[in-house]
Amino acid sequence: MKDSIVARVMRGALIGLMFASLPSIALADPKDYDFELVRTSIPLGSEQIITVRLVNKKTGKSVPDAVIFATRLDMAPDGMQEMVTKVTPMPGTEPGTYRFKATFSMQGRWQLSLGAKVQGEAGTVESKLVVTAGK
Ligand SMILES: [Cu+2]
């Protein structure tokens, strides 16, 4: 009888450990992160700055020190996906924000495609943001 009680307690402890480890697995999900535009409208012209914030959706906090490894800026939202402009990463002005320099030659909607690696994070955060130029 004593043995079965011990076995039951052990089993309970094991199940408890399994559940205790679940939150850390959930935290490592790239879907918990997203990019937000600081401003959605951009003036027309060269050397315009787009500022985005990387946010942990669970905590609502900005995420500093991410590595942004892929960017593309095109007019896909206005049916001109072949109309691409160069995107140059710039130093951020505050932790958790990331800046890019680009030339906006045409009024309308431009889509910024971003990929990011977050520290301590196995997956990739991917996002597409739409800015409106010249309005
Ligand atoms: Cu265009």
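Buried means under 20% relative accessible area, exposed means over 50%, and partly exposed lies in between, with a 1.4 Å probe and protein chains only. By that cut-off, both Phe104 and Trp110 are buried. This is a predicted model, where local features need pLDDT of at least 70, side-chain atom pairs count only at pLDDT 80 or more, and totals for chains, interfaces and linings use all residues. Residues are numbered from 1 along each chain as its sequence is written, and side-chain values use heavy atoms, with hydrogens and water left out.

**Copper site**

- Met75 (SD), Met80 (SD), Met83 (SD) and Met106 (SD) coordinate the copper ion at 2.2 to 2.5 Å.
- Donors are N, O and S atoms within 2.8 Å of the metal (3.2 Å for Na, K and Ca); water is not among the atoms, so sites may look incomplete.
- The four donor atoms subtend angles of 101 to 127° around the copper ion, which makes the arrangement tetrahedral.
- Four donors count as tetrahedral if all angles lie between 85 and 135 degrees.
- Along the chain, the donors follow the spacing M-x4-M-x2-M-x22-M.
- Met83 lies in strand S6 (residues 80–85) and Met106 in the loop between strand S8 (97–104) and strand S9 (108–117), so this pair ties together parts that are 23 residues apart in sequence.
- Strands are DSSP runs (E, at least two residues), numbered from the N terminus.
- Met83 is partly exposed at 23% relative accessibility, and Met106 is partly exposed at 30%.

**Aromatic pair**

- The structure holds one aromatic pair.
- The ring centres of Phe104 and Trp110 are 5.4 Å apart and the planes stand at 90°, so the pair is edge-to-face.
- Rings of Phe, Tyr and Trp (its six-membered ring) pair if their centres lie within 6.5 Å; planes over 60 degrees apart count as edge-to-face, under 30 as stacked and the rest as tilted.

**Positive phi outside glycine**

- Glu47 has phi near 55°, a positive value in a residue other than glycine.
- Glu47 sits in strand S3 (residues 45–56) and is exposed, with a relative accessible area of 54%.
- Asp65 also has a positive value, with phi near 65°.
- Asp65 falls in the loop between strand S4 (61–62) and strand S5 (67–75).
- Asp65 is exposed, at a relative accessible area of 55%.

**Surroundings of Thr51**

- Thr51 lies in strand S3 and counts as buried at 14% relative accessibility.
- Leaving out residues up to four places away in sequence, Thr51 touches Glu36, Leu37, Val38, Arg39, Thr97, Tyr98 and Arg99.
- Contact means heavy atoms within 4.5 Å.

Conventions
Helix = DSSP H or I, 4+ residues; strand = E, 2+ residues; numbered from the N terminus. Tetrahedral: all angles 85-135°; square planar, octahedral: opposite > 155°, others 65-115°.
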